[in-house]
Amino acid sequence: MRFDVLTIFPEMFEAITQYGVTSRAFSKEILHLKTWNPRDFTSDPRKTVDDRAYGGGPGMVMMVGPLEDALQAVQEDIASSSAMKKGPTVLMSPQGRVFNQDLAKEMSQLEQITFVCGRYEAVDQRFIERHVDFELSIGDYVVSGGELPALVVMDSLIRLMPNVLGDANSAQQDSFSDGLLDCPHYTRPENYKNFLVPGVLLGGHHGRIESWRRNESLIATQKSRPDLILAARKKGLLSLKDEKVLQEYLETLASGLNK
Ligand code: 9WO
């Protein structure tokens with residue numbers, strides 16, 4: 001897989017290339033990331049990439065020219081350096097489709113993705129219309145630029161790549177694929193200031209442990225994200241036993257309220 005990133009802050013991408021588990025995919029060379037700075041595609045001495053908005057108002061707009069020339073360099077680099085087929089050009093923007101684990105799975109199948117990271121107040125609409133295949137949001141809030149959102153998306157795609165992160169991760173991936181929240185976790189000591197580890201986890205009975213974890217996930221999800229329970233049910237991911245656990249939980253809730 002290959003990521004190309006249009007950004008005026010290329011050093012920010014060291015967050016995934018230099019740190020933690022994601023850096024391993026790069027050192028193994030099963031993943032490549034190349035940054036392209038629109039400033040390198042300017043011809044004025046000040047390397048200008050932004051200008052005032054037509055129509056007035058506060059804030060600067062990213063110019064179409066340097067972005068388009070940077071993107072053309074990406075296309076030429078891909079065409080000349082490999083047999084790879086160029087993937088979509090994605091603009092990080094709060095107007096986009098909201099990223100989630102299902103979209104992560106789809107996007108992780110792509111060979112190449114070009115992320116466009118805007119700065120200032122906006123990106124010239126003509127760049128979007130001419131070159132952007134889709135816009136992608138990581139949630140309904142505004143940040144100072146597209147770099148951090150692009151890093152979030154790339155990190156989640158890297159975690160889905162085979163042979164990147166090992167067994168522990170694929171197990172976690174599998175449990176998240178039901179779209180439920182995680183169960184609680186504990187490590188040593190068994191007794192911390194009289195706060196104890198649940199006994200079932202100390203018993204070594206794998207069947208009981210798995211069923212405790214599933215039930216804790218279901219109840220935690222019902223409590224804080226009931227929308228995810230509905231989605232899991234709609235996808236046919238809840239067993240009859242799961243439904244029984246949830247029903248029992250909702251009944252104990254109701255009986256508490258009716259007391
Ligand atoms: C900002 C904005 C605010 C209100 C309505 C629409 C908007 N679009 C943008 C936008 O695309 N901004 C560019 C990228 C330039 C300014 C900083 N940028 C940005 C991207 N801020 N926040 C994001 C973003 C990206 C993905 N998910 C959440 C937020």
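Two strands are taken to pair if DSSP finds at least two bridges between them. In this predicted model, strand β4, residues 60-62, meets that condition with β7: the two run in the parallel sense and share 2 bridges. Within this pairing, Val61 has Ala122 of β7 as its bridge partner. Both strands belong to an open sheet of 3 strands, ordered β3-β4-β7, in which the pairing is mixed. The edges are formed by β3 (50-52) and β7 (122-123). Each has a single partner strand, so one side of each lacks a neighbour in the sheet.

Asp4 stands opposite Thr114 of β6. Strand β5 also pairs with β6 in the parallel sense, here over 3 bridges. Thr89 stands opposite Thr114 as well.

In soluble globular proteins, nonpolar side chains tend to be buried together. The largest nonpolar core of the model contains 28 residues. Among them, Phe3, Met107, Phe115 and Leu157 touch the most other members. At least two residues of this core come from each of β1 (2-6), α2 (20-27), β5 (89-98), α4 (101-107), β6 (112-116) and α6 (147-160). Helix α6 provides the largest share, 7 residues. A second, separate core comprises 18 residues, including Leu6, Leu71, Phe127 and Ile128.

The surroundings of Met107 can be listed in detail. With neighbours within four places in sequence left aside, Met107 is in contact with Met1, Phe99, Ile113, Phe115, Phe134, Leu136, Val153 and Leu157.

Helix α2 holds Phe26. This residue has 14% relative accessibility, under the 20% limit, and therefore counts as buried. Residues up to four places away in sequence excluded, Phe26 touches Ile16, Thr17, Leu31, His32, Leu33 and Ile158. Phe26 and Arg2 are separated by 24 residues in sequence and by 10.0 Å in space, C-alpha to C-alpha.

Glu147 is placed in helix α6. Its relative accessible area is 0%, so Glu147 is buried. The Glu147 side chain makes a polar contact of 2.9 Å with the side chain of Arg119. Beyond residues up to four places away in sequence, Glu147 touches Thr7, Ile8, Phe9, Met12, Phe13, Cys117, Gly118 and Arg119.

The ligand is surrounded by 19 residues. The closest are Gln95, Tyr120, Ile138, Tyr141 and Val143. Strands β5 and β8 (134-137) each supply at least two residues of this shell. The most come from β5, with 4 residues. A polar side-chain atom of Gln95 lies 2.7 Å from a ligand nitrogen. For Ile138, a polar backbone atom is 2.8 Å from a nitrogen atom of the ligand. For Val143, a backbone N or O atom lies 2.9 Å from a ligand nitrogen. Taken alone, the ligand exposes 580 Å², of which the protein buries 80%.

Strand β8 includes Ser137. Ser137 has 1% relative accessibility and so counts as buried. A polar atom of the Ser137 side chain lies 3.0 Å from the backbone nitrogen of Gly139. Apart from neighbours within four places in sequence, Ser137 is in contact with Ser93, Pro94, Gly96, Arg97, Val98 and Phe99.

Key. Residues are numbered from 1 along each chain as its sequence is written. This is a predicted model: local features need pLDDT of at least 70, side-chain atom pairs count only at pLDDT 80 or more; totals for chains, interfaces and linings use all residues. Side-chain values use heavy atoms; hydrogens and water are left out. A nonpolar core is a set of buried Ala, Val, Leu, Ile, Met, Phe, Trp, Tyr and Cys residues joined through side-chain atoms within 4.5 Å. Buried means under 20% relative accessible area, exposed over 50%, partly exposed in between (1.4 Å probe, protein chains only). Contact means heavy atoms within 4.5 Å. A residue is near a molecule or strand if one of its heavy atoms lies within 4 Å of it. A polar contact is a pair of N or O atoms within 3.5 Å; within protein, one must be able to donate a hydrogen and the other to accept it, and residues adjacent in sequence count only if both atoms are side-chain atoms. Accessible areas come from the Shrake-Rupley method with a 1.4 Å probe; for residues, only the protein chains shown count as cover.
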